[in-house]
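Please keep the sequence and the model open beside the text while reading.

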Amino acid sequence: MERSLVFIKPDAMQRGLAGEIISRLESKGLKIVAMKMLRMDKALAQRHYAVHKDKPFFNELVDFVTSGPVIVMVLQDDDAVKVIRQTMGETDPAKALPGTIRGDFGGDVSHNLIHGSDSVENAGSEIALFFSAKEIVDPFIEF
Ligand code: DAT
Ligand code: MG
């Protein structure tokens, strides 16, 4: 079982796409094991995107992702990281295949609707940035 950090970015929230995006991820078999809505402050956004701190788009990225609320989730499944990245599509929506979230709902490279961790290792540190251990709930339900 693998876990990944996903958040629905402010553009998707503003466009009313949160439900559709969550629905696609659930339909694909990913289990929600943590979820909350928040507005990131600059410090959190800078830490989350620290690997990009020397990129020319860093300030624009931090401004965008702090511009409104996000829904942040921990999703769990076998191969969660890869499955989520495939469901998201490529970073640039213009290059993302039809059938992917970014391919179907468009936007541009700066406003691409969704974040998903790119490796198991990064997923672990990203999850720890947003959630404490007790906020992550085991998805096993006994009726
Ligand atoms: P991803 O979100 O697909 O993991 P990434 O980690 O390379 O992509 O970049 C993080 C975010 O930074 C991305 O979702 C949007 C923004 N970004 C990436 N490349 C960009 C570019 N060339 N111009 C503007 N923003 C960019
Ligand atoms: Mg990335």
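Buried means under 20% relative accessible area, exposed means over 50%, and partly exposed lies in between, with a 1.4 Å probe and protein chains only. By that scale lysine 82 is partly exposed, with a relative accessible area of 46%. The model is predicted, and local features need pLDDT of at least 70, side-chain atom pairs count only at pLDDT 80 or more, and totals for chains, interfaces and linings use all residues. Residues are numbered from 1 along each chain as its sequence is written, and side-chain values use heavy atoms, with hydrogens and water left out.

**Salt bridges**

- The whole structure holds six salt bridges, a salt bridge being a side-chain nitrogen of Lys or Arg within 4 Å of a carboxyl oxygen of Asp or Glu.
- Lysine 82 is paired with aspartate 79, their closest N and O atoms being 3.6 Å apart, and aspartate 79 is likewise partly exposed, at 40% relative accessibility.
- Aspartate 104 and arginine 24 form a salt bridge through their side chains, at 3.0 Å from N to O.
- Aspartate 104 belongs to helix 6 (residues 101-105) and arginine 24 to helix 2 (residues 18-27), so this pair ties together parts that are 80 residues apart in sequence; helices here are DSSP runs of H or I with at least four residues, and strands are runs of E with at least two, numbered from the N terminus.
- Both partners count as partly exposed, aspartate 104 at 35% relative accessibility and arginine 24 at 21%.
- Aspartate 54 and lysine 53 also meet in a salt bridge, at 3.9 Å from N to O, and here aspartate 54 is exposed at 70%, as is lysine 53 at 53%.

**The largest pocket**

- The largest pocket has about 630 Å³ of space; a pocket is an open set of points, on a 1 Å grid over the protein atoms alone, where a 1.4 Å probe fits and protein lies on both sides within 12 Å along at least five of seven lines, and lining residues have an atom within 4 Å of a point.
- Its lining comprises 26 residues, and Tyr49, His52, Phe57, Leu61 and His115 lie nearest the centre of the pocket.
- Two or more lining residues come from each of helix 3 (42-48), helix 4 (58-65), helix 5 (80-88), strand 4 (114-116) and helix 7 (120-130), with helix 7 giving the most, four residues.

Definitions and conventions: Chains lettered and ligands numbered in written order. Points joined across faces, edges and corners; volume = space filled by probe spheres on them.
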